[in-house]
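Me: I am new to this structure and would be grateful for a close look at a single part of it, namely the interface. Please set out what builds it, in one connected account.

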Amino acid sequence: MMQEARPDIPGQMVPQAQPASARRFRKSLRKDSSLYLLALPGIIILILFAYLPMSGLILVFKNYNFNDGIFGSPWAGFANFEFFFSSMEDALRATRNTVMLNALYMLTGTFFSVAIAIILNELRSKWFIKITQSVMFFPYFISWIIIGAILFSLLDYDKGILNQLFQALGLSQMDWYSSPWLFVVILVLANIWKSAGYGAIIYYAVLQGVDTSYYEAARIDGASRWQIITKITVPMLIPSIILMTLLGIGGMLKGDLSMIMGVTFLNPLLLPTTDIIDVYVYRTAIRSGEFGFASAITLYQSVFGFVLVLLANKLAGWYDKDSKLF
Amino acid sequence: MQTTENKGLVIFFYVCIAVFSVICLVPFVLAVSGSLSTESRIAAEGYSFWPRGFTFETYQFLFGSKAEQILRAYSMSLIVTVLGTLTAVLVTTAYAYVISVKGFRLKNFFAFFAYFTMLFSGGTLPWYLLSTKYYHLGDTLLGLFIPYVLSVFLMFLMANYFRSIPHEIVESAQIDGAGHLRIFFSIMIPLGRVGLVTISLFYALQFWNDFYLPLMLVTDQDLYTIQYLMYNMMANIQFLASGNAAQVGGAIIAPPLETAKMAMTCLTVLPIAILYPFLQGFFVKGIIVGSVKG
């Protein structure tokens, strides 16, 4: 029997069992027909919504019109790229915003998740941990639309709680919804609020699996709580932190359209910092119908994103062979 | 045996967690309070953590004149969540079973076939064009859930559950002459219960909260889900606020604007808040199994 691949890292299963001939494939089709039948719906979904859209990237060389569709539209050569480079500024702004926001989410999100997990690990009161963990996890269940609605009641110029507070303190009111750079902070805080509790569960679970004898030994040696945290707990979490970070790097060019739409409602005043690539494609192509240009930026996003995934994998391999994603 | 320095640190830790927990809940208090306030006082004095002029007016208004629209969006969300979750769980578990079968020649190929889509994608635009022009999913019920019925991440999670089921059980069934379909439906699904519940919950949450699909594919108001109705309400109010009133479509702009938003927020969160205490444990278990190796 062939050796089992490690079940938890799917990418390691490089296809090594391809049928050598069509005859063998037909035989396998007969023998395992029910397996193919079970996989079929999934295969169809993957082809329709993942593989065929990849072929849609030829759009970038096409002069798209809706009637002829992706494959019938006339070729445009490199015209779209020329257009792309001529309005480079917008594309660069979208790229910068995407990478900047994702990097900030990753740094702050990881920091808060790890901090919460470490603190929970130090607490002894079981009921306190249980209740607070449930409460902190709750925002993860709320859609960005709802978060956007609630944020509005916090940040609105006249009616928002924050400006009322500022007034009470004798400070001037802030116009949050027209301060692009200030809004970056708000997006980052909203992201922490929504996902830190979820992330903490992952790291907390890792800490629950740590052998307690390390802690006992440290305590016998007279280590202080702080020393135990920095010398045992943190090092225990580092492999998971690195793995999660590497997984995040691959998604660096993917933005969360739902978040930006839900929280900013595409407010034009905020676009200088919130116009991420997905929002940009939505605005130019889907709302205004400028397909050629948008497809150039889509191709660029896919290719650059793929390169980042390969890079992250390489980095993982250097750090530790077992952390490699594929 | 605790020193005073340690005691101070521990108290500090308790305070940190307590404060963050409170921050996680406070916004919901704000929403509830807003929904129970009177519109005129919100307009004059702004939002507050305690209802301004405690009243059920907004809810009466919503259930009076907007009842039909809200109920339709609510039931739409419910239909999408139920249909989507059922289809997704079936498609996902079947695929997961196939790649977990010991000795199946193509299982690694199928695993990679799914995994590759996590690495490389065609992006939003080709996806949108294919979905609307070739698959004709625009303004259809199918369009609101079909694109999401196979989450590759949850599929691998499920495959892990299947692999953890002792192989001897499958072997003895095979000796008794059971085929893969039978093994899948009458052995793997019942034995993979915990995994099944976990991925069902993740899917249900995703379908309930989704507004990406309606945003991309829906213009017909009859197909608005509750999240999308909410989005339209918010976006239109934004337009009004920024002086762009001309762009406001035929969406629901109702007299009690601010309190209505908060009331809709409460109504949208309510089902999750009610089910949360029962479901939370499963999610935590699911995340732990999915993220911690060995």
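Reply: Buried area is the accessible area, taken with a 1.4 Å probe, that two parts lose on being put together, summed over both. Between chain B and chain A this area is about 10400 Å², and carbon and sulfur atoms contribute 77% of it. On the side of chain B, the residues that lose the most area to chain A are B:Ile17, B:Arg105 and B:Leu125; together these three account for 7% of what that side buries.

The model is a predicted one, in which local features need pLDDT of at least 70 and side-chain atom pairs count only at pLDDT 80 or more, while totals for chains, interfaces and linings use all residues. Residues are numbered from 1 along each chain as its sequence is written, chains are lettered from A and ligands numbered from 1 in the order in which they are written, and side-chain values use heavy atoms, with hydrogens and water left out.

In terms of contact (heavy atoms within 4.5 Å), 108 residues of chain B meet 114 residues of chain A. One salt bridge is counted between the chains, a salt bridge being a side-chain nitrogen of Lys or Arg within 4 Å of a carboxyl oxygen of Asp or Glu. The side chains of A:Lys159 and B:Glu258 form a salt bridge, at 3.7 Å from N to O.

Helix 1 of chain B, residues 4-35, supplies the largest share of the side that touches chain A, with 18 residues; helices here are DSSP runs (H or I) of at least four residues, numbered from the N terminus. By class, that side of chain B holds 75 nonpolar, 22 polar and 11 charged residues. Ala, Val, Leu, Ile, Met, Phe, Trp, Tyr, Cys and Pro count as nonpolar, Asp, Glu, Lys and Arg as charged, and the others, Gly among them, as polar.

Helix 2 of chain A contributes A:Ser34, A:Leu35, A:Leu37 and A:Leu38 to the contact, and helix 9 of chain B contributes B:His180, B:Leu181 and B:Phe184. Five of these residues are nonpolar, two are polar and none is charged.

Technical notes:
Helix = DSSP H or I, 4+ residues; strand = E, 2+ residues; numbered from the N terminus.
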